[in-house]
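Hi,

Here is the structure I said I would pass on. Have a look at it first, and then read on for what turned up.

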Amino acid sequence: MNLSTIVAGAMHMARWNLTTAERLVWIEDCLALGITSFDHADIYGNYAVQNLFGEALRLKPALRQQMQLVGKCGIALHSSQRPEHTLKHYNTSAQHIRNSVEASLQSLGTDRLDLLLIHRPDPLMDADEVARCIEALQHEGKVLDFGVSNHTVQQFELLDSRIPLATNQIELSTLHTDALLDGTLDQAQRLRRRPMVWSPLAGGRLFSDMGEQASRTRAALQAVADEHGVNLATAAYAWVLRHPSHPHLVTGTGRRAGLQEAVTATQLHLSVQQWTRVWRASMGHDVP
Amino acid sequence: MNLSTIVAGAMHMARWNLTTAERLVWIEDCLALGITSFDHADIYGNYAVQNLFGEALRLKPALRQQMQLVGKCGIALHSSQRPEHTLKHYNTSAQHIRNSVEASLQSLGTDRLDLLLIHRPDPLMDADEVARCIEALQHEGKVLDFGVSNHTVQQFELLDSRIPLATNQIELSTLHTDALLDGTLDQAQRLRRRPMVWSPLAGGRLFSDMGEQASRTRAALQAVADEHGVNLATAAYAWVLRHPSHPHLVTGTGRRAGLQEAVTATQLHLSVQQWTRVWRASMGHDVP
Amino acid sequence: MNLSTIVAGAMHMARWNLTTAERLVWIEDCLALGITSFDHADIYGNYAVQNLFGEALRLKPALRQQMQLVGKCGIALHSSQRPEHTLKHYNTSAQHIRNSVEASLQSLGTDRLDLLLIHRPDPLMDADEVARCIEALQHEGKVLDFGVSNHTVQQFELLDSRIPLATNQIELSTLHTDALLDGTLDQAQRLRRRPMVWSPLAGGRLFSDMGEQASRTRAALQAVADEHGVNLATAAYAWVLRHPSHPHLVTGTGRRAGLQEAVTATQLHLSVQQWTRVWRASMGHDVP
């Protein structure tokens, strides 16, 4: 797995209301900033985002060689785009995975996903069936690396016992710190699988949430940001990047300035005490 | 471990108020339906069930060769049958295990248990002592396979590090779904140890409980049952059997029709969406 | 790791208000009772205890050969002794560990720690950095064995994957029983790493807490104590020592009689039912 530390998340691309040419500009902005990896999922934008991205990429197909594409499958939305779905559910059958990958390749206008992730843990997952399916896709060159997202330690151990997992893409931010202590990041460090982190800004709550925890955390983080002469978002990204598991960080921004905020964080090193001040603010009490 | 997918649980046999001849009919009904495995524990029926079963088996001893007997030990009841017990407690000392096995063999009228389980995790269990005791019992031919019941992932790992465990018999039903996500079933699938499931009908609550969760779940399950033209119990069994760990299912019924409902479920395959509709009803919300 | 079963905890030494000569008497009392291991941490007594102990040891340096010294590092207190600390935090950087060990050796007046523990799990711990640092300290003869304290199963697995851990020093008492069921002690027994137990008397709450849980537990424990003709503290120690992981027990007492109460417990064997009566009282209900 050879992703850039900052990964451009395309999840919200449909909301950005960009023309195809503008989407190409965004892609080129990312690449110019050293953000060479793009995070997708079949379901993003109600199954529309991969196509929007692919339309832009088709304007300049040679860019494909400069980027890595991350895909996800395993969630089936209750959606007008999928009338056969009677409710939101998970599906990790070989047929669903293969269909999803083939459709993603077509939408994105590429012959391969650099990384494919199972989007959510599926209680009905047959690990042997998944492994056989992924091995076939890898053999065909359609999927290079394979991993999971939002998996617990035991869920990761199960699938990793059948096929090597490159990563676990998990939620981590100053407002959502469970992964620090629930074993997920200990496992990632132990197995030397760099995690990917989604919602490093807590889905924007870091800026907008007026609750006690968010207010405390924002104040602590702003103080750290001021000490480094950066803004709140950059400090929040740097807080996540400080983790010794060397996480990749998935941003969700369509703004060039937003991408730059994340890239700036890769050069920022919070001291242990700065990091702890933010963690304490988030917890609401001193460390034990 | 070579059990039938449906296992006949004898736990409630004392309540069935059957004559010895009628108990033999029940055993023969099971065998005729392909239910060749019988689930026991030393404590069932206040230490009486194994004897009731053994009395029936003695009427036709040749049946022993067509069946597998599962025993359990490790719980010590506060009971008039055991005046030396001052309170309910666990005991996994070698002496207690051996005494329990010897008594079970005598009560059941057999020379061996096909499978012996530690009934509940015992914080005072010395894993080396248990392993030595079981190895001796296996060497003597009195116990063939060995396993546990109601053990967490770490409890299973501990004992399995000393002596191979064939299974973990756990609770799972549409109303009790913890094992789907707490790692127990992930571990079972990873280690390829088919679990056994007790209370697949939630101890009857699925039919009688008028609470919100049970009502929602019953309605969702009834709809699935109707789609397949089966009854509620069969749909509930099929929901459990759908798990990729290939669980054995322990019924608790004394009725021939009840046994048939379970056997019917082995031929039923719920779709992913049917399964998820029931899970969602049990959780009270969509999957994340 | 070759510690005495009872370990003398020096945590509260600064509060004992002893002269240097009196502290030496305490040390000699411990040794005379067979308590040859002493538990320290850099932070005890607001960074003062190791020095108090070292002053006494310097009166009779030859005693060093008869004892084992346990040190801990990794917590950085908010303290007038450490003006550079702006808040309580964890620090497991190589520099912090080395500085702490060098200072401990100097304060204690010794050339080696028989055992060094990471005091609390540090989310920012780089396991490779810790391992390299400890290996260097071991190579220099400054640290013999290495372990952790208060680590979860996954935290232990991480560091143990880089450098062998001799022990996990955890909290366990009749009033704080989490470790019985959360996997910590299962892991200790599985890996055959004798745990160390702190606060075996629940920090004195066992005697003073008038809440329901403590009152119930005290009554149950007193009955067991009476049956053996020992006092409450000895029964509480024996309850912990009954665990099959063979825990070392860290006392916190400065009284010779208190040390004797712990030593007496090593000769006491609670029956399974006695142990369970106390556990039941602590839980407030029968075992499942």
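The side chains of A:Asp128 and B:Arg192 come together in a salt bridge, with 2.7 Å from N to O. Please keep in mind that this is a predicted model. Which parts of chain A supply at least two residues each to the side that touches chain B? They are β5 (89-90), α5 (127-139) and α6 (153-160) of chain A. Of these, α6(A) gives the most, with 4 residues. Sorted by type, the residues on this side of chain A divide into 7 nonpolar, 6 polar and 7 charged.

Now for the extent of that interface. On the chain A side 20 residues are in contact, and they meet 22 residues of chain B. The size of an interface is often given as the accessible area lost when the parts come together. For chain A and chain B the buried area is about 2,100 Å², and carbon and sulfur atoms give 56% of it. Within chain A, the residues that lose the most area to chain B are A:Pro123, A:Leu124 and A:Gln154, which together account for 32% of what that side buries.

Next, chain C against chain A. Here 20 residues of chain C are in contact with 22 residues of chain A. The two chains bury about 2,100 Å² between them, with 56% of that on carbon and sulfur atoms. C:Pro123, C:Leu124 and C:Gln154 lose the most area on the chain C side, together 32% of what that side buries.

How many salt bridges are there between chain C and chain A? The count is 1, and the side chains that meet in a salt bridge are C:Asp128 and A:Arg192, at 2.7 Å from N to O. Polar contacts between chain C and chain A come to 11 residue pairs, both residues being at pLDDT 80 or more. On the side of chain C that touches chain A, β5 (89-90), α5 (127-139) and α6 (153-160) of chain C each supply at least two residues. The largest share, 4 residues, comes from α6(C). By type, this side of chain C has 7 nonpolar, 6 polar and 7 charged residues.

The whole structure holds 54 salt bridges over all chains, and one of them joins A:Lys142 to A:Glu102, with the closest N and O atoms 3.0 Å apart. A:Lys142 sits in the loop between α5 and β7 (143-149) of chain A, while A:Glu102 belongs to helix α4 (residues 94-108) of chain A, so this pair ties together parts that are 40 residues apart in sequence.

On to the fold itself, beginning with chain A. Its 8 strands close into a barrel with parallel pairing, in the order β1-β2-β3-β6-β7-β8-β9-β10. Ignoring direction, neighbouring strands of this sheet are turned by 30° against each other on average. If you want a strand pair to trace, strand β8 (residues 168-171) of chain A runs parallel to strand β9 (residues 196-198) of chain A, and 3 bridges join them. There, A:Ile170 stands opposite A:Val197 in β9(A). Helix α5(A) packs on the sheet, where it touches β6 (113-118) and β7 of chain A, and its direction makes about 150° with that of β7(A).

Chain C also has a barrel: 8 strands close in the order β1-β2-β3-β6-β7-β8-β9-β10, and the pairing is parallel. From one strand to the next, the twist averages 30°. Strand β1 (residues 6-9) of chain C pairs in the parallel sense with strand β2 (residues 37-39) of chain C, over 3 bridges. In that pair C:Gly9 stands opposite C:Asp39 in β2(C). Helix α10 (residues 232-241) of chain C lies across β1, β9 (196-198) and β10 (248-251) of chain C, and runs at about 150° to β10(C).

Cheers

Methods. Residues are numbered from 1 along each chain as its sequence is written. Chains are lettered from A and ligands numbered from 1 in the order in which they are written. This is a predicted model: local features need pLDDT of at least 70, side-chain atom pairs count only at pLDDT 80 or more; totals for chains, interfaces and linings use all residues. Side-chain values use heavy atoms; hydrogens and water are left out. Contact means heavy atoms within 4.5 Å. Buried area is the accessible area (1.4 Å probe) that two parts lose on being put together, summed over both. A salt bridge is a side-chain nitrogen of Lys or Arg within 4 Å of a carboxyl oxygen of Asp or Glu. A polar contact is a pair of N or O atoms within 3.5 Å; within protein, one must be able to donate a hydrogen and the other to accept it, and residues adjacent in sequence count only if both atoms are side-chain atoms. Ala, Val, Leu, Ile, Met, Phe, Trp, Tyr, Cys and Pro count as nonpolar, Asp, Glu, Lys and Arg as charged, and the others, Gly among them, as polar. Two strands pair if DSSP finds at least two bridges between them. Axes are lines fitted to C-alpha atoms, for helices over the stretch in contact, and angles run from 0 to 180 degrees between N-to-C directions.
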